Amino acid sequence: MRIALASLLIAGSLPALAAETPRYGAELQGFDYPHEVKRFNLESQGVSLQMAYMDMQPKNANGRTVLLMHGKNFCAATWEGSIKALSDAGYRVIAADQIGFCKSSKPTRYQYSFQQLASNTHALLKQIGVDKVTIMGHSMGGMLATRYALLYPDQVEQLVMVNPIGLEDWKTLGVPYLSVDQWYQRELKTTAEASRNYQKNTYYAGQWRPEFDRWVDMQAGMFNGDGKKIVAWNSALTYDMVYTQPVVYEFSQLKMPTLLLIGEQDNTAIGKDAAPEAMRSKLGDYKALGPTTAERIPDATLVTFPDLGHSPQIQEPERFHKALLDGLATAKPQASTGN
């Protein structure tokens, strides 16, 4: 998320995009994914759209399928390490870019909702023959994964959430509403340096390694290309979706085993910088939000990483994936018929 730096972006106190920042297309043309990218064609809201996705079949299948849902400022490609870990363990892995994100279509007008994105993804799974699935969502993907699990409980064997946002309802806590137009203006001012600073402090708890630059380039490159306006517009629309469509009140309705993997140094909260100063330190407190969320979900297992941030799967992949695979094995859902 770039929210913590938005006021600096508007004030113009951060430098413009550096010359070395790549220029990617509106559908992330020029940025390579770790596996073959396929396209799912769909009609939605009167428009022909395409969802980009990767579908990896393991060498030694265990009969289960995991669907990966990316976050707001992430793509299917950022699951690269998790795809390998899951595939090596025998899981079929599907990683999709949602409509409006990354290599998928970015419509000029679209009524974004988590229900709509879940419906699009459900259609994708039907098309490729997946009947039972474990849903794993990171950041905004955790909100989408929750909505998917609520809409299609009989299909979802297990739910996994990695530092999901939406564990609190920001608008009821006093975070001011920002219009789509306001979000759009903020997004147009995205810079690589701002993204790097935010990611260091929030995604990686103050740490930085050279391999993290790939994800800065991925994000900033779309906002540095010829299609930056449509990229920024869709980003603004989805920020509005995240702010106005909380799932926190429905956690008690989840029926499947749920694994929460939480980096406790995370401090993500949509619109935090626009909130009253006295409130900001109370928002995005994942050390408190993790246990509170686990208590709301009937069959939840909480695993915490006290020293990690918003993206534990990237910051410390070996430790994270051990916890993930142990948690998947513990639930022991029925084998998928979709492999």
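# Pockets, cavities and helices: a first look

Q: How much space lies in the largest pocket?
A: About 190 Å³. Keep in mind that this is a predicted model.

Q: Which residues are closest to its centre?
A: Gly81, Trp215, Gln313, Ile314 and Pro317. They belong to a lining of 13 residues.

Q: And which elements give two or more residues to that lining?
A: Helix 2 (80-88), helix 7 (213-222), helix 11 (312-315) and helix 12 (317-331). The largest share comes from helix 2, with 3 residues.

Q: How do the residues of the pocket lining divide into nonpolar, polar and charged?
A: There are 4 nonpolar, 5 polar and 4 charged residues in the lining of the largest pocket.

Q: Let's stay with helix 12. How far does it reach from its first C-alpha to its last?
A: Helix 12 reaches 21 Å with its 15 residues. That is close to the 21 Å expected at 1.5 Å a residue.

Q: Which of its residues are buried?
A: In helix 12, the buried ones are Phe320, His321, Ala323, Leu324, Gly327 and Leu328.

Q: Why are they on the same side of helix 12?
A: Because they cover an arc of only 160° around the axis. In general, an α-helix has 3.6 residues a turn, so residues three or four places apart point the same way.

Q: What does the face turned away from the buried side carry?
A: Exposed residues: Glu318, Lys322 and Thr330 of helix 12.

Q: What covers the buried residues of helix 12?
A: Several elements do, including helix 2, helix 11 and strand 5 (133-138). Strand 6 (156-162), strand 7 (258-263) and strand 8 (300-305) are also among them.

Q: Strand 5, then. Where does Gly137 lie, and is it buried or exposed?
A: Gly137 lies in strand 5. Gly137 is buried, with a relative accessible area of 0%.

Q: What does Gly137 touch?
A: Leaving out residues up to four places away in sequence, Gly137 touches Met69, Trp79, Gly142, Ala145, Val160, Met161 and Val162.

Q: What separates the C-alpha atoms of Gly137 and Asp299?
A: A distance of 17 Å. Along the chain, Gly137 and Asp299 are 162 residues apart.

Q: New topic: cavities. How many of 30 Å³ or more does a search of the whole structure find?
A: The search finds 3. The largest cavity has a volume of about 150 Å³.

Q: Which residues lie nearest the centre of the largest cavity?
A: Lys72, Asn73, Phe101, Met222 and Phe223. The largest cavity is lined by 17 residues. Helix 7 and helix 8 (228-244) are the elements that give two or more of them.

Q: And how do those lining residues divide?
A: Into 8 nonpolar, 5 polar and 4 charged for the largest cavity.

Q: Last one: helix 3. What should its 14 residues span?
A: Helix 3 (residues 114-127) should span 20 Å at 1.5 Å a residue. Its end C-alpha atoms are 20 Å apart, which agrees.

Q: Which residues of helix 3 are buried?
A: Phe114, Gln116, Leu117, Ala118, Asn120, Thr121, Leu124 and Leu125. Just after helix 3, Gly129 takes a positive phi of about 80°.

Notes. Residues are numbered from 1 along each chain as its sequence is written. This is a predicted model: local features need pLDDT of at least 70, side-chain atom pairs count only at pLDDT 80 or more; totals for chains, interfaces and linings use all residues. Side-chain values use heavy atoms; hydrogens and water are left out. On a 1 Å grid over the protein atoms alone, a cavity is a set of points where a 1.4 Å probe fits but cannot get out, and a pocket is an open set with protein on both sides within 12 Å along at least five of seven lines; lining residues have an atom within 4 Å of a point. Grid points are joined across faces, edges and corners, and a volume is the space filled by probe spheres set on the points. Helices (H or I, at least four residues) and strands (E, at least two) are DSSP runs, numbered from the N terminus. Ala, Val, Leu, Ile, Met, Phe, Trp, Tyr, Cys and Pro count as nonpolar, Asp, Glu, Lys and Arg as charged, and the others, Gly among them, as polar. The expected span of a helix is 1.5 Å times one less than its number of residues. Buried means under 20% relative accessible area, exposed over 50%, partly exposed in between (1.4 Å probe, protein chains only). The arc is that of the directions from the helix axis to the C-beta atoms. Contact means heavy atoms within 4.5 Å.
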